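Here is a short tour of one protein chain. Keep the sequence and the model side by side as you read.

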Amino acid sequence: MALITPFQEAAALVREAGGLELDQCYQCGLCTGSCPWNLVREFPVRKLIHQAQLGVIDFEAEYTWLCTTCRSCVQCCPRGVDIIDIMKAMRRVVAETGVSKVPDSLWLAVSNIAGSGNPLGQPAGQRGDWATPPTKKAKTDSGILYFPCCIPAYEPRLKKVAQATARILEAAGVDYKILPEVENCCGESVRKSGHENLFQSLAQKNMQAFSNAGINKIIVNSPHCYDTFKKEYTELGAEFKVIHIVQYLSQLIDEGKLKFSTEVKKKVTYHDSCYLARHNGIYDEPRHVLESIPGIEIVEMPDIKENTLCCGGGGGRIWMDTKKNERFSDLRLQQAKNVNAEVLALSCPYCMLNFEDSLIDFQGAVSMEIKDIVELVCEGIA
Ligand code: SF4
Ligand code: SF4
């Protein structure tokens, strides 16, 4: 066990790294009870906070890297402690002091982002390859940017989501541009995993690139890009507006700019992602979009909206290994099966990766499709 002494020094490091709210905790334990990890294994959130208060911190423990930043604990804390900031601070101490090791798979993703601007380590020059025919590369003077996120830009399954998004924007007559030559990862999981300097560098590069291109509005597929642009880039001085694609589609439908022509006869359940739902209170728009597609029947799972069950991919966890019997996405898929859904509808690339993985293990036991909402919209306008 790697303990830092004297104890005050360890506690001070966490406070300086952003964990100042440590001192507000009065140890009620509600956070531990609300944490989804405790559905599959032990994760003593209250105890970790107490250890950090005392400065008795085992930075080598696996616990340092478990938090998915789902915000369930923050939402229920009676003292308003931002537990996510404390978890991020502990990771930052590890990343910046080397007191322990960053998990190998996370380190690889972070190194890839530093080297080629995306966590998958794909060539920066291929970032725009998703926009092949029939999706045309948009080159206009528009101040609207479509930023697909690294995963839809490169990962084969998610590329279909980027392509579907572009098709819808074109069908609705939206004048937008893409900037694959100059954009980089938004840096969300970089910051959540404690690599602050790299995050600052990515944010400055992106803000400069967007400013040079005259961007005043950014449409995103990822709730993680949404949250990062909206809150963290704004704190750094960004002035553009950011809108998640489900919000934009909801608007286009209300304005009569997106019309459906084909019935999609499917029983669909919607999984609220943590970063649209708990972090940003966006529950109604995705449901409004789904309700507007003719033929779709919506069924709800037990844990929805602000009580949604995390898929397990936030806080950089998407780049870390999760043992098979510890995946929240398996539990969620079971919930979707229990309400007899034919389609599990999503609005987040991380959720898509996790649920597609879970579905492989469920094959045979579950007959279900995993689709992003934009793919269902595309079917409806075909
Ligand atoms: S819920 Fe809040 S006050 Fe209670 S133990 Fe957790 S952090 Fe501390
Ligand atoms: S943010 Fe979520 S995963 Fe992290 S400690 Fe809180 S409840 Fe657990």
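Which helices do the buried residues of H5 pack against? This is a predicted model, so every answer below is computed from it. The buried residues of H5 pack against helix H1 (7-19), helix H2 (30-34), helix H3 (45-54) and helix H4 (72-76). They also pack against helix H9 (188-192) and helix H10 (196-212).

**Helix H5**

Helix H5 covers residues 83-97. Twelve of its 15 residues are buried, so H5 is largely enclosed by the rest of the structure. Among the buried residues are Ile-83, Ile-84, Ile-86, Met-87 and Val-93.

The length of H5 can be checked. At 1.5 Å a residue, its 15 residues should span 21 Å. The end C-alpha atoms of H5 are 21 Å apart, which agrees. After H5 comes Gly-98, with a positive phi near 70°.

**A residue in a loop**

Asp-23 sits in the loop between H1 and H2. Is Asp-23 buried or exposed? Asp-23 has 12 C-beta neighbours inside 10 Å, so it counts as exposed. Ala-52 is 29 residues away from Asp-23 along the chain.

**Three domains**

The chain is divided into domain 1 (7-97), domain 2 (116-251) and domain 3 (257-381). The centres of domain 2 and domain 3, taken over C-alpha atoms, are separated by 21 Å. How many residues of domain 2 are in contact with domain 3? The count is 30 residues of domain 2, in contact with 30 residues of domain 3.

Look at the side of domain 2 that touches domain 3. The elements that give two or more residues to this side are helix H7 (150-154), helix H8 (156-171), H9, helix H11 (223-235) and helix H12 (245-254). H8 gives the most, with nine residues. By class, this side of domain 2 has 15 nonpolar, ten polar and five charged residues.

**Strands and sheets**

Strands of a sheet pair through backbone hydrogen bonds, either parallel or antiparallel.

| Strand pair | Sense | Bridges | Residues opposite each other |
|---|---|---|---|
| E1 (residues 144-147) and E2 (residues 217-220) | parallel | four bridges | Phe-147 and Val-220 |
| E2 and E3 (residues 241-244) | parallel | four bridges | Ile-218 and Val-242 |
| E4 (residues 267-270) and E5 | parallel | two bridges | Val-268 and Ile-298 |

Strands E4 and E5 belong to an open sheet of four strands. What is the order of the strands in this open sheet? The order is E5-E4-E6-E7, with parallel pairing. Strand E5 (297-298) and strand E7 (369-372) stand at the edges. Each has a single partner strand, so one side of each is left without a neighbour in the sheet.

Helices pack on this sheet as well. Helix H16 (residues 373-381) packs on the sheet and touches E6 and E7. The direction of H16 makes about 85° with that of E7. Helix H13 (residues 284-292) lies across E4, E5 and strand E6 (343-346). H13 runs at about 170° to E4.

Key:
Residues are numbered from 1 along each chain as its sequence is written. Chains are lettered from A and ligands numbered from 1 in the order in which they are written. This is a predicted model: local features need pLDDT of at least 70, side-chain atom pairs count only at pLDDT 80 or more; totals for chains, interfaces and linings use all residues. The expected span of a helix is 1.5 Å times one less than its number of residues. A residue is buried if 20 or more other C-beta atoms lie within 10 Å of its own, exposed if 12 or fewer, and partly exposed in between; C-beta atoms are placed from the backbone. Two residues are in contact if their C-beta atoms, placed from the backbone, lie within 7 Å. Domain bounds come from an automatic or database domain assignment. Ala, Val, Leu, Ile, Met, Phe, Trp, Tyr, Cys and Pro count as nonpolar, Asp, Glu, Lys and Arg as charged, and the others, Gly among them, as polar. Two strands pair if DSSP finds at least two bridges between them. Axes are lines fitted to C-alpha atoms, for helices over the stretch in contact, and angles run from 0 to 180 degrees between N-to-C directions.
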